[in-house]
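Okay, thanks for coming, everyone. Let me put the structure up and then walk you through it.

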Amino acid sequence: MPGGRAPTITDRIRLEEIFARFNFTDYRWIEATQIVVANWVRFKCIFGCSSYGKKGTCPPQVPPVEECRSFFSEYSDAVIFHFTKQVDSPEDRIPWSREVSKELIRLENEVFRSGYYKAFMLFMDECRFCVNCAGSREGCINKSDARPGPESLAVDVFSTVRSAGYPIEVLSDYNQEMNRYAFLMIE
Ligand code: SF4
């Protein structure tokens, strides 16, 4: 039975069939230990991000950094899903992010139902399901589907995806193509 242990090669093939049903074709398997968790990421959330205190899946609505680190240590594997997009204006990113996240949470549910009871998705962005976020877990109107992005859990996305061979750069303009990454935690 799958779940509760590292996926075997056969398990991965079955899981990849599920990924394909969702048309998620650009992904890489990594060991969960490759996920870099760093305090500076949380500091960037607190000092410098306009979403701080306004989103139900962002700091300070998430656990402390050490608890995040501990969370990742409870998994053997992760799948990084890569998405690219070019937008004409910053607002265009929101509906795209919302649609991708809807599929990502459906995928998490499907993987869960296939036996991986620990399956947990980190969105490629902050939760964008609602036009006006309640700003807290208590007030969230979609508690079962809202998930944090990796940065919310103090993941150094730059270091982590680069170590997996994926591209990512700081963008200087919204016209440039974005490389965004979601993480499926699995064991
Ligand atoms: S589901 Fe809505 S209320 Fe809940 S975190 Fe996402 S945007 Fe906020």
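**Sheet, helix and ligand**

Let's start inside the sheet: Phe83 has Arg180 as its bridge partner in S4. Before I go on, this is a predicted model, where local features need pLDDT of at least 70, side-chain atom pairs count only at pLDDT 80 or more, and totals for chains, interfaces and linings use all residues. Numbering starts from 1 along each chain as its sequence is written.

So, that pair belongs to S2 and S4, which run antiparallel and share nine bridges. For the cut-offs: two strands pair if DSSP finds at least two bridges between them. Helices (H or I, at least four residues) and strands (E, at least two) are DSSP runs, numbered from the N terminus.

Met121 is partnered with Leu184 of S4, and Phe120 with Met185 of S4.

Zooming out, what is the order of the four strands in the open sheet? It goes S1-S2-S4-S3, with antiparallel pairing. S1 (27–31) and S3 (120–122) are the edge strands, each pairing on one side only. From one strand to the next, the twist averages 25°. Angles here run from 0 to 180 degrees between N-to-C directions, with axes as lines fitted to C-alpha atoms, for helices over the stretch in contact.

Helix H4 (residues 93–113) packs on this sheet, touching S2 (77–85), S3 and S4, and its direction makes about 165° with that of S3. Contact means C-beta atoms, placed from the backbone, within 7 Å.

Is S4 mostly covered or mostly open? Mostly covered: seven of its nine residues are buried. Buried means that 20 or more other C-beta atoms lie within 10 Å of the residue's own, exposed means 12 or fewer, and partly exposed is in between, with C-beta atoms placed from the backbone. Over the chain, buried residues make up 32% of the 187 residues.

Now the whole chain. You get five helices and four strands, running α-β-α-α-β-α-β-α-β from the N terminus. The radius of gyration is 16 Å, close to the 16 Å from the globule rule for 187 residues, so the chain is as compact as a globular protein of that length. That radius is over C-alpha atoms, and the rule is 2.2 Å times the number of residues to the power 0.38.

Last, the ligand. The residues around it include Lys55, Thr57, Cys127, Phe129 and Asn142, counted as near if the C-beta atom, placed from the backbone, lies within 6 Å.

How values were computed
Contact = placed C-beta atoms within 7 Å.
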